[in-house]
Amino acid sequence: MGKKQVMLPASEVDLTAVKYIPENIQEPGLAVVGLEEDGKPEKRVELALKCLPEYDPSSNWSGDSTASFRYWNIRDYAYAYRSKFTTPSMVAERFISAIEEFNNKKPPAPLLISFDPDEVRKQAAASTQRFEQGNPLSILDGIFMSIKDDIDCYPHPSKGATTWMHEVREVKKDAISVSRLRSCGAILVVKANMHELGMGTTGNNANYGTTRNPHDPDRYTGGSSSGPAAIVASGLCSAALGTDGGGCTPTPCHTQESTYSIFIKPVCLLMLDLMCKDRFNSNSFFPLWCCGLEVNIWSN
């Protein structure tokens, strides 16, 4: 077994004992793969996987349900499902329990603006059945993902974290990015919190409560994609969709990396071409994955 990294609450970390060790970090080489514009999302994901560094999920699996916390990336879950170590339905119950705990925290730390436990259970049950039948849709089948509240995810309203946007604009269908994730079997836990209308970089929201660092509630997440970044930083989702109109995703990712010792970063979905077409359905905003940097499927 290799050395494991675990997450500790900020209150248990002695910062005076932390030493900075400079490293010579080199940007990984980029792999370019031509994808057919009209290709099925499942096939496009399969091709994208071939661009990624080799990774053996079994090397991190101990089979001990009481083992210390660590981040599971997409390939970890895919391995666990296919090896029958767990199921999407089992993960769903843990996820629902954790979200309820976050909602009851003092001070409040709302990760999601719109959340339906029964809908999550329904999606997880369908995914579990596909695995039992040996027919998962893609490596994203059963992967839990949140969607920022300015990206359409039918039938949930897109409020942009306001109290009124859904009254003047009705959601009639999924954004392209969301519909393609659905076709790959992703479990959409629904609308993540954000800075109202994306008009700020703190993530502060007076309407629904401010998303906080899941390991240090006295700190901001940064914004405007505060909810997507925080739900990945908490380990509840392996990935999330956010948007960027000028720092809205890099800010929370880099803020949490530097002040929370949480390693996440945005990766633009050019490889999978899951762009939206307007702010909500959208071509001016880029959906981004916020994934664990340590061993994540989308970045090195």
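Student: What stands opposite Arg212 in E4?

Tutor: Tyr220 does. Keep in mind that this is a predicted model.

Student: What makes E3 and E4 a strand pair?

Tutor: Pairing takes at least two bridges between the strands. E3 (residues 212-213) and E4 (residues 216-220) have two bridges, in the antiparallel sense, so by the cut-off of at least two they count as paired. They form a hairpin, with two residues between them.

Student: Why are H3 and H4 called roughly antiparallel?

Tutor: Look at the angle. The axes of H3 (residues 88-103) and H4 (residues 117-132) cross at roughly 160 degrees and come within 7 Å. Angles over 145 degrees count as roughly antiparallel, and therefore H3 and H4 get that label. As for handedness, H3 passes H4 in a right-handed crossing.

Student: Which residues of H3 and H4 make the contact?

Tutor: On the H3 side, Pro88, Ser89, Ala92, Glu93 and Ile96. H4 brings Pro117, Val120, Arg121, Ala124, Ala125, Ser127, Thr128 and Phe131. Sorted by class, that contact has eight nonpolar, three polar and two charged residues.

Student: What makes Trp72, Tyr77, Tyr81 and Phe131 a cluster?

Tutor: Ring pairs link them. To pair, ring centres have to lie within 6.5 Å. The whole structure has six aromatic pairs.

Student: How do you know that the bond joining Tyr154 and Pro155 is cis?

Tutor: Check omega: about 5 degrees for that peptide bond, which is cis. Most peptide bonds are trans. Pro155 sits in the loop between strand E1 (144-148) and helix H5 (165-168).

Student: And what is there to say about phi of Lys84?

Tutor: Its phi is near 60 degrees, a positive value in a residue other than glycine. Most residues other than glycine have a negative phi. You'll find Lys84 in the loop between helix H2 (74-82) and H3.

Terms used
Residues are numbered from 1 along each chain as its sequence is written. This is a predicted model: local features need pLDDT of at least 70, side-chain atom pairs count only at pLDDT 80 or more; totals for chains, interfaces and linings use all residues. Side-chain values use heavy atoms; hydrogens and water are left out. Axes are lines fitted to C-alpha atoms, for helices over the stretch in contact, and angles run from 0 to 180 degrees between N-to-C directions. Helices (H or I, at least four residues) and strands (E, at least two) are DSSP runs, numbered from the N terminus. Angles under 35 degrees count as roughly parallel, over 145 as roughly antiparallel, 65 to 115 as roughly perpendicular and the rest as oblique. A crossing is left-handed if the near helix is turned anticlockwise from the far one by less than a right angle, and right-handed if clockwise. Contact means heavy atoms within 4.5 Å. Ala, Val, Leu, Ile, Met, Phe, Trp, Tyr, Cys and Pro count as nonpolar, Asp, Glu, Lys and Arg as charged, and the others, Gly among them, as polar. Rings of Phe, Tyr and Trp (its six-membered ring) pair if their centres lie within 6.5 Å; planes under 30 degrees apart count as stacked, over 60 as edge-to-face and the rest as tilted.
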